[in-house]
Amino acid sequence: MLRVYPFFIEAAYVTVQLSVLTCLLGLACGTLGAMARLSRLAPIRWLAATYVSLFRGTPALIQIFILYFGGPQIGINLDSFSAGTIALGVNIGAYMTETIRGAIISVDKGQTEASRTLGMSRAQTMRKVILPQAARMMIRPLGVNINALIKGTALVAPISVIELTYTAQRFIGSTYKPFEMFLLAGILYMIIIYAVGMGIKWLDRRAQIV
Amino acid sequence: MGLDFTVVPDYFGVLLLGMGWTVAITIGAGLLSFFGGIMFAVIALYGHWVIRLPFRLFAWLFMGTPLLLQLFLIYFGLIEIGIDLPAFIAGVIGLGLHFAVYNSELIQASILSVDKGQYEGARTLGLSRGQTLRRIVIPQAVRAVIPPMGNNMIALLKDSALVSVIGVAELTLAAQQAISRTYRPFEFYIAAAACYYVINLCLEAGLRRLERRIAASR
C-alpha cells in the first residue's frame, strides 16, 4: 500500500492542474458566451445559444473523444492533457454561460435604465454598473459549476491522462484492492473539492455588500 | 485524412442498437435513481441512527467523487468480493445509485417543506407513521421536485456514456466499434453526439409535458 501513495499524490497534482486550467478556460468561454447571449445582434445571440445547447446536450466524454481522436483528421494534433483540458473547458463554459447570464439578468433593470439616462454607453453600463453587481451574485452558482468540473476531470482518464481516476483504475488492476484504491482517490478528490469550496465561501463572504 | 461522412450510414444499424442500449440503461438507472432517491431520503430523515450514519457516509462519498471512479469500484470491486455482475447491471447500479444520492438531497428538502399540518392531519385521522409518509407526505414531496429531478435525468442520460468504459455496448461503445473498423473517429463520434442530442431533445420534451400535467393537476 505504501508504495502507491507517491503515485496518488502526483496524480492528485495533475487533477488540480486540470481543474485550474479547465476552470480558467471555462470562465473565459462562459463570460464570452454570456455577453454573446445578451448581444443586440440576433445572429450572435443564436450562435451563443447553439453553443450552449450543443455542448450541454451531448456527453462531455464524447466531446473529449471528438477532439482527441477526431482532431487529427481535421489537422488538430493535441496531446491527451491539452485535448482533455480544452474539451472540458469549452464544455463547462457552456454551463457557466448560463450561470453568468442568469446573474447578469437578475440585476435590476432600473440600474441599466438609470445608467443609460445618466449618459453612459451600453458598454460602460455593463462594465461599471451591471457586472460589478452581477459578479457578487454569480460566485455561489459558479461554485456549483466548479464543483462539477473537478469531478468532471475524471473524464480524461479514458484518454489516458494520468490523473486520479486513471491512477486508481491502474492500481485496482495491479493490486486487486479496489476498495482501498477507491477510498484513497476519493479522499484526495474530497480534499480538493473541500479546499476549493472553502475558497469559494470565503470569496462569497468577502464579496457581499455589508 | 479528410472527412467522409458517407461511411456513417453503413453503420446505422450498429449505432441504432447502441442507442437502444443507451435508452435502456437510462430508463433502468432512471427508475433506480427515482425510487432509490425516495428510499434514501426516508432513511436520511427517519431512519434509526445505526442505518443513518453509514448512509450519510455513503452519500457523502458518492457526492464528493467522480461517477467514473464509482463505476470502476462497482464493476471491479464487486468481483473482488465474489459478486460477478454483467457490465450492464453494474452500469445501471452505478449510474442509478449515483443519481439516487442527488435525488435524495432534493426529496429530503422537499419532504421537510411539506406542511406540518398535512402530517398532523393524517395522524389524527388514524393513519400510522408509515402510512402517512407513504400516502400523504411523499407523494406531495416528490411531485414538487419533478422539475429538478428532470434535470438529473438529463444529466444521467449524458453520463450514461461513461458506462462504455466498463464495456457496456451502448451508443459510445457502438461508435467505437464502428471506428475500430473504419478508422474514422471524427465522423462516428459526431454521429454519436447527434444521436445523444436527439435522445436528449425527446427526453426534454417528455419532461416538459410531465411538468405541465403536474402543474395542471394541482
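**Reading the labels**

Q: Which residues of α7(A) and α3(B) meet each other?
A: In this predicted model, A:Thr165, A:Ala168, A:Gln169 and A:Ile172 of α7(A) meet B:Leu68, B:Leu69, B:Phe72 and B:Phe76 of α3(B). By class, the residues of this contact comprise 6 nonpolar, 2 polar and no charged.

Q: Why is α7(A) called roughly parallel to α3(B)?
A: The axes of α7(A), residues 164–175, and of α3(B) come within 10 Å and cross at roughly 10°. Angles under 35 degrees count as roughly parallel, and therefore α7(A) is described as roughly parallel to α3(B).

Q: How many residues does each chain bring to the contact between chain A and chain B, and which helix of chain B gives the most?
A: Chain B brings 27 residues and chain A brings 29 residues. On the side of chain B that touches chain A, α2 (49–64), α3 (67–80) and α9 (185–217) each supply at least two residues, and α9(B) gives the most, with 9 residues. That side of chain B has 20 nonpolar, 5 polar and 2 charged residues.

Q: What makes B:Thr172 count as buried?
A: A residue is buried if 20 or more other C-beta atoms lie within 10 Å of its own, and B:Thr172 has 29 C-beta neighbours inside 10 Å, so B:Thr172 counts as buried. B:Thr172 lies in helix α8 of chain B, residues 171–182. Leaving aside residues up to four places away in sequence, B:Thr172 touches A:Leu61 and A:Ile62 of chain A, as well as B:Ala161, B:Ser164 and B:Ala192 of chain B.

Q: How do you know that the length of α7(B) agrees with what a helix should span?
A: The 14 residues of α7(B), 146–159, should span 20 Å at 1.5 Å a residue, and the end C-alpha atoms are 19 Å apart, so the two values agree.

Q: Why are the buried residues of α7(B) placed on the same side of the helix?
A: The buried residues of α7(B) are B:Met149, B:Asn152, B:Met153, B:Leu156, B:Leu157 and B:Asp159. They cover an arc of only 165° around the axis, which puts them on the same side of α7(B). What covers these buried residues includes α1 (12–46), α3, α4 (87–113) and α9 of chain B.

Q: What is the phi of A:Ser160, and what is the phi of A:Tyr176?
A: A:Ser160 has a positive phi of about 65° although it is not a glycine, and phi of A:Tyr176, another residue other than glycine, has a positive value near 55°.

Q: How many helices and strands are there in chain B?
A: Chain B has 9 helices and 0 strands, and 39% of its 218 residues count as buried.

Key:
Residues are numbered from 1 along each chain as its sequence is written. Chains are lettered from A and ligands numbered from 1 in the order in which they are written. This is a predicted model: local features need pLDDT of at least 70, side-chain atom pairs count only at pLDDT 80 or more; totals for chains, interfaces and linings use all residues. Two residues are in contact if their C-beta atoms, placed from the backbone, lie within 7 Å. Helices (H or I, at least four residues) and strands (E, at least two) are DSSP runs, numbered from the N terminus. Ala, Val, Leu, Ile, Met, Phe, Trp, Tyr, Cys and Pro count as nonpolar, Asp, Glu, Lys and Arg as charged, and the others, Gly among them, as polar. Axes are lines fitted to C-alpha atoms, for helices over the stretch in contact, and angles run from 0 to 180 degrees between N-to-C directions. Angles under 35 degrees count as roughly parallel, over 145 as roughly antiparallel, 65 to 115 as roughly perpendicular and the rest as oblique. A residue is buried if 20 or more other C-beta atoms lie within 10 Å of its own, exposed if 12 or fewer, and partly exposed in between; C-beta atoms are placed from the backbone. The expected span of a helix is 1.5 Å times one less than its number of residues. The arc is that of the directions from the helix axis to the C-beta atoms.
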